[in-house]
Amino acid sequence: MLTLAVFVSGRGSNLRAILESPKLKELVQVKVVVGDKSFCPAFDIAKNFSIPVFSVGKKEGFKSFDELKLILKDLGINFIVLAGFLKLIPTDFVKSFANRIINIHPALLPSFGGEGMYGMNVHKAVFESSAQVSGASVHFVDETYDTGRIIAQRCVDISDVKSPEEIAERVLSIEHQLLPDVLEKIALGKVFVDNFRVRVET
């Protein structure tokens, strides 16, 4: 069983996709949800599933990443999913969970990634580039934004869109399919890092 911490900053639609995925019911358990705010809508989803929530950061009443590391250890967390989490994870925390933190990004990396490239910022940049396809990427997390090794990607046609919002809608539907698919592969031991390249068994 893959025991997960899911890090969130917003609505939590990818958290919901994980929790409601039939294929993950016997493979994955979300044991804690972590946010970078005192409240975000994703916390309500967690509470509806009786999942504890924590806020991490430097504000009063928030946990530090060092404190969070101990909490995750006590909970037996063996994998972390960044599902719309906007803050950069500290280097020592990343090293503590090497190849055990993944992120879902709403574009086809390595394009349209990096600091500040999240949410509608991404879709606006994709729209203004006149790209004909977009999609979502799931990648391992390293010490910088969106540069970890890519595990899986899925494309969507955007050749007929009229706005960044249309791109966002199409990409989000892809995200909700891709993230559970990747977690299923990880839980089944079918994701490997060989010679700096990720290999996923079918």
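Analyst: E1, helix H1 (residues 13–19) and E2 form a β-α-β unit that is right-handed; with the strands pointing away from the viewer, the path from the first strand over the helix to the second runs clockwise. Helices (H or I, at least four residues) and strands (E, at least two) are DSSP runs, numbered from the N terminus. This is a predicted model, in which local features need pLDDT of at least 70, side-chain atom pairs count only at pLDDT 80 or more, and totals for chains, interfaces and linings use all residues. Residues are numbered from 1 along each chain as its sequence is written, and side-chain values use heavy atoms, with hydrogens and water left out.

User: Which strands pair with E2?

Analyst: Two strands pair if DSSP finds at least two bridges between them. Strand E1 (residues 2–8) runs parallel to E2, joined by 7 bridges, and Leu-2 has Val-28 as its bridge partner. Strand E3 (residues 53–55) is also parallel to E2, over 3 bridges; there Val-34 stands opposite Phe-54.

User: Why is E2 described as largely enclosed?

Analyst: Buried means under 20% relative accessible area (1.4 Å probe, protein chains only). In E2 (residues 28–35), 6 of the 8 residues are buried, so the strand is largely enclosed by the rest of the structure.

User: What is the volume of the largest pocket?

Analyst: Rolling a probe the size of a water molecule over the atoms shows where empty space is left. The volume of the largest pocket is about 760 Å³. H6 contributes the most to its lining, with 4 residues.

Key: Buried means under 20% relative accessible area, exposed over 50%, partly exposed in between (1.4 Å probe, protein chains only). On a 1 Å grid over the protein atoms alone, a cavity is a set of points where a 1.4 Å probe fits but cannot get out, and a pocket is an open set with protein on both sides within 12 Å along at least five of seven lines; lining residues have an atom within 4 Å of a point. Grid points are joined across faces, edges and corners, and a volume is the space filled by probe spheres set on the points.
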